[in-house]
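Colleague: I have just opened this one and would like to go through it with you. Could you start with the surface and then work inwards?

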Amino acid sequence: MMMKAAKIRWIVIAVLAAAMAGCATSGINKGDINLITSSEEVAMGQEFAAEIETQFEVYDDPQLTVYVQSVGGRVAEVSHRNDIEYHFAVIRSDEMNAFALPGGYIYIYTGLMKALDNEAQLAAVLAHEVGHVTARHSTERLTAMYGAQIAVSLLLGDNPAEYKVLIANIFSTTGFLAYSRANEFEADRLGTSYTSLAGYDPEGMAELLGKFIDMESREPSKLEEWLSTHPPTRDRIGKVDVLAASLPMAGVGERNAARYAEMKKRLP
């Protein structure tokens, strides 16, 4: 005898609810619902990264890439998440932006690098993005946006075609990189702490945010994407200032302005 449709629907809902309860984020966001495992996240990040690099120009300067990877590696090493390999790359664009894909694929724009004054500020940018990765903000957002659909595709072992759609609107106000205000504040907090733990002056984070304040008034077009997905910058600076002042490397950590100035010469 066939089950009634209503009964089947309730069984499916119960199975998905059980799956969601068993797939909460571990670590710093323990308890937040996330249907995507760490290994699945890395595989997803690899696919997204391959697609991103067909749509953006990755700046091909091996020495600069190694430098950014070394600074990013320092902050990633002291982060809460060491079960993945982090990848850092530079995108050639005049916009002031940076972003992290699932699984530890992190990109910074040449326009933002040109605006920075020292390595501590660069470390702050990369640490903020590492914070998004360690808190698993992207896959939590994907779960919230496409929960049941992703659950079914994962259970069936499919590779959903929606990946292409997600790439197409990756920076839109509804895309999965459009984090909540709470996510951005958390990435600031984690990034500031990681900057200090890596031996850099954590005041570099507030200095970085100050750059955005200046640019908002002078050339807002360069910040169009960034402003659409971030909370008010002055609110962020206030929180970062308080945290940075309490950290051991405040005012005494590495800044490496001269080394950074040399690297800036390699920018297009």
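Modeller: The chain exposes about 12500 Å², and carbon and sulfur atoms supply 57% of that area; accessible areas come from the Shrake-Rupley method with a 1.4 Å probe, and for residues only the protein chains shown count as cover. This is a predicted model, in which local features need pLDDT of at least 70 and side-chain atom pairs count only at pLDDT 80 or more, while totals for chains, interfaces and linings use all residues. Residues are numbered from 1 along each chain as its sequence is written, and side-chain values use heavy atoms, with hydrogens and water left out.

Colleague: What share of the residues is buried?

Modeller: Of the 268 residues in the chain, 49% are buried, where buried means under 20% relative accessible area, exposed means over 50%, and partly exposed is in between (1.4 Å probe, protein chains only).

Colleague: Let's do helix pairs. At what angle do α3 and α5 pack?

Modeller: Helix α3 (residues 62–77) and helix α5 (residues 119–134) pack at about 60°, and their axes are 9 Å apart. That makes α3 oblique to α5, since angles under 35 degrees count as roughly parallel, over 145 as roughly antiparallel, 65 to 115 as roughly perpendicular and the rest as oblique. The axes are lines fitted to C-alpha atoms, for helices over the stretch in contact, and the angles run from 0 to 180 degrees between N-to-C directions.

Colleague: Which residues make that contact?

Modeller: From α3 they are Y67, V68, V71, G72, R74, V75 and A76, and from α5 they are E119, L122, A123, L126, A127 and V130. By class, the contact of α3 with α5 has 10 nonpolar, 1 polar and 2 charged residues, with Ala, Val, Leu, Ile, Met, Phe, Trp, Tyr, Cys and Pro counted as nonpolar, Asp, Glu, Lys and Arg as charged, and the others, Gly among them, as polar.

Colleague: Is the crossing of α3 and α5 left-handed or right-handed?

Modeller: The crossing of α3 and α5 is right-handed, whereas α3 passes α12 in a left-handed crossing; left-handed means that the near helix is turned anticlockwise from the far one by less than a right angle, and right-handed means clockwise. The α3 and α12 axes are 10 Å apart, at an angle of about 145°, and the contact brings together Q63, L64 and Y67 of α3 with R259, Y260 and M263 of α12.

Colleague: What about α8 and α11, how do they cross?

Modeller: The axes of helix α8 (residues 181–197) and helix α11 (residues 233–245) come within 10 Å and cross at roughly 30°, and the two helices are therefore roughly parallel to each other. In α8, R181, E184, F185, D188, R189, T192 and S193 meet D235, R236, K239, V240, L243 and A244 in α11. The residues of that contact divide into 4 nonpolar, 2 polar and 7 charged.

Colleague: Changing topic, where is Y200, and what is it in contact with?

Modeller: Y200 lies in the loop between α8 and α9 (203–218), and Y200 counts as buried because its relative accessible area is 0%. Leaving aside neighbours within four places in sequence, Y200 is in contact with V71, R74, E119, A120, A123, T195, M249, G253, E254 and N256. Y200 and A124 are 76 residues apart in sequence, yet their C-alpha atoms are 8.7 Å apart in space.

Colleague: N256 is on that list, so what is its phi?

Modeller: Phi of N256 is near 50°, a positive value in a residue other than glycine. Most residues other than glycine have a negative phi. N256 is found in the loop between α11 and α12 (257–264), and N256 is partly exposed, with a relative accessible area of 24%.

Colleague: And R136, buried or exposed?

Modeller: R136 is buried, with a relative accessible area of 10%. R136 lies in the loop between α5 and α6 (137–156), and has a positive phi of about 60° although it is not a glycine.

Notes: Helix = DSSP H or I, 4+ residues; strand = E, 2+ residues; numbered from the N terminus. Contact = heavy atoms within 4.5 Å.
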